[in-house]
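I opened this structure today and kept notes as I went. Have a look at it yourself first, then follow along.

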Amino acid sequence: MTPAARIQAAIELLDAIIASARDGGPAADTLIARYFKERRYAGSRDRRAVRDHVYDAIRRAADRPDSGRAAMVGLARERPELAALFDASAHGPAPIAGEEPGAQAGTVPGWIAPLLASPVEQAVLLGRAPVDLRVNRLKGAMEDALPLLPDAKPVPGAPDALRLPEGAPVEKSDAWQRGLVEVQDAGSQLIAAACEARPGQTVIDLCAGAGGKTLALAAAMDGKGALIAADTIRTRLARLSPRAERAGAGFIQTLLLDQGHERRGLESLHGRADAVLVDAPCSGTGTWRRNPEARWRLTEARLDRLVREQARILDFAAPLLAPGGVLVYATCALTDREGRDQVDAFLRRHGGWSVDMLSLPLGRAHGAGWLLTPGHDGTDGFYFARLRRPA
């Protein structure tokens, strides 16, 4: 591909990503993979260059652009070397007209900026994220992993965390293939640790997804006890089984729940759990470093729906706890509506519950819970709180 053809390819991909964000379709990475699967002539350098153009344009535009061309024109107006490639050459884009509008630059969509927790450093929400790993104590210790990952550095404040540069090929490493490490953000590891899971306990990961935090809980439990990973999406839970096998966590039970009828599927667990983790569906504002096009998917109406869903999940999670048990509520979101305010509302609805105030080496207190942000802590953004059922 010529340099100009790479620009045109980026424009075509951005058109598809913009439409998918508007309509709730596949993520950008999926669309990029499909695009190049159909274009085998593109070499590795072509693919890398086009991908870089696409993500540079995505990171630059806070609000969803009108078109892929507008996104790239906006980027090209700041980078003359790209503007020169709008040259109408074969397979290249048409020249940029003098008054042609380009997408506006910005970090945070204007409507959501006032809703972010006030300590959040908005300017760094779109920085590039490193690769964080969790050393799996079911398979070994930090001193076993470090020699196998010479570029990895321990993450201060997260005892099992290692950090690699962005794009490191983790899954090709012996450490990953042996199950000694799992890809997991250091902040996510701290959330699992806040559950204080112990061997022999009954622990429920209520919104388990593909099970990243479930596996961290399994290691904390040393493979002993009852660990239940529940979710309403079959394909997500299906991804946990091979991960658990590689991690040596065969004792994990999975529970597929019926969306909207979760209480019925959980009745047999009422009053039994020592700890319940609710890693609730959320806006994902804390993961914009990894998923910058998520800004183009989020709307005020969708945020309203998410806040209602979070409250609903918390309400059917509460009866699962044994007296004195702990409920850890977490979101990878940085809006107060999804974090501080959600916890306050739960405490108003559920009399007698108390808050275990956290004190961790990373993050800072915020309301009744704890806030982690990329700018302050170098992790993804999270809000979480530990709530205790009356004894």
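Which residues in α8 meet which residues in α9? I looked this up and found Ser-188, Ile-191 and Ala-192 of α8 meeting Lys-213, Ala-216 and Leu-217 of α9, where contact means heavy atoms within 4.5 Å.

**Ground rules.** I am working with a predicted model, in which local features need pLDDT of at least 70, side-chain atom pairs count only at pLDDT 80 or more, and totals for chains, interfaces and linings use all residues. Residues are numbered from 1 along each chain as its sequence is written, and side-chain values use heavy atoms, with hydrogens and water left out. Helices (H or I, at least four residues) and strands (E, at least two) are DSSP runs numbered from the N terminus.

**Entry 1: α8 and α9.** I noted that helix α8 covers residues 186–194 and helix α9 residues 212–220, and that their axes come within 9 Å and cross at roughly 50°. Axes here are lines fitted to C-alpha atoms, for helices over the stretch in contact, and angles run from 0 to 180 degrees between N-to-C directions. α8 and α9 are therefore oblique to each other; angles under 35 degrees count as roughly parallel, over 145 as roughly antiparallel, 65 to 115 as roughly perpendicular and the rest as oblique. The crossing of α8 past α9 is right-handed, a term for a near helix turned clockwise from the far one by less than a right angle, with anticlockwise being left-handed. The contact residues of α8 with α9 split into 4 nonpolar, 1 polar and 1 charged. In this count Ala, Val, Leu, Ile, Met, Phe, Trp, Tyr, Cys and Pro are nonpolar, Asp, Glu, Lys and Arg are charged, and the others, Gly among them, are polar.

**Entry 2: α1 and α2.** Next I went to helix α1 (residues 3–23) and helix α2 (residues 28–37), whose axes come within 10 Å and cross at roughly 135°. α1 and α2 are therefore oblique to each other, and their crossing is right-handed. On the α1 side I listed Ala-9, Glu-12, Leu-13, Ala-16, Ile-17 and Ser-20, and on the α2 side Ala-28, Leu-31, Ile-32, Tyr-35 and Phe-36. By class, the α1 and α2 contact holds 9 nonpolar, 1 polar and 1 charged residue.

**Entry 3: α1 and α3.** Helix α3 (residues 44–60) packs with α1 at an angle of about 50°, the axes being 9 Å apart. That makes α1 oblique to α3, and α1 passes α3 in a right-handed crossing. Residues of α1 that meet α3 include Ala-9, Leu-13 and Ile-17; among their counterparts in α3 are Ala-49, His-53 and Ala-57. I counted this contact of α1 with α3 as 11 nonpolar, 1 polar and 3 charged residues.

**Entry 4: a sheet.** How many strands form the open sheet, and in what order? There are 4, ordered β2-β3-β1-β4, with antiparallel pairing; two strands pair if DSSP finds at least two bridges between them. The edges are β2 (153–154) and β4 (181–183), each pairing on one side only. Strand β1 (residues 131–135) pairs with β4 over 3 bridges, and Leu-133 has Val-183 in β4 as its bridge partner.

Entry 5: Strands β11 (364–366) and β12 (369–372) pair in the antiparallel sense over 3 bridges, with His-366 opposite Gly-369. Their hairpin has 2 residues between the strands, and Gly-367 takes a positive phi near 60° there. β12 is also joined to β13 (residues 382–388) by 3 bridges, again antiparallel; Leu-372 has Phe-382 as its partner in β13.
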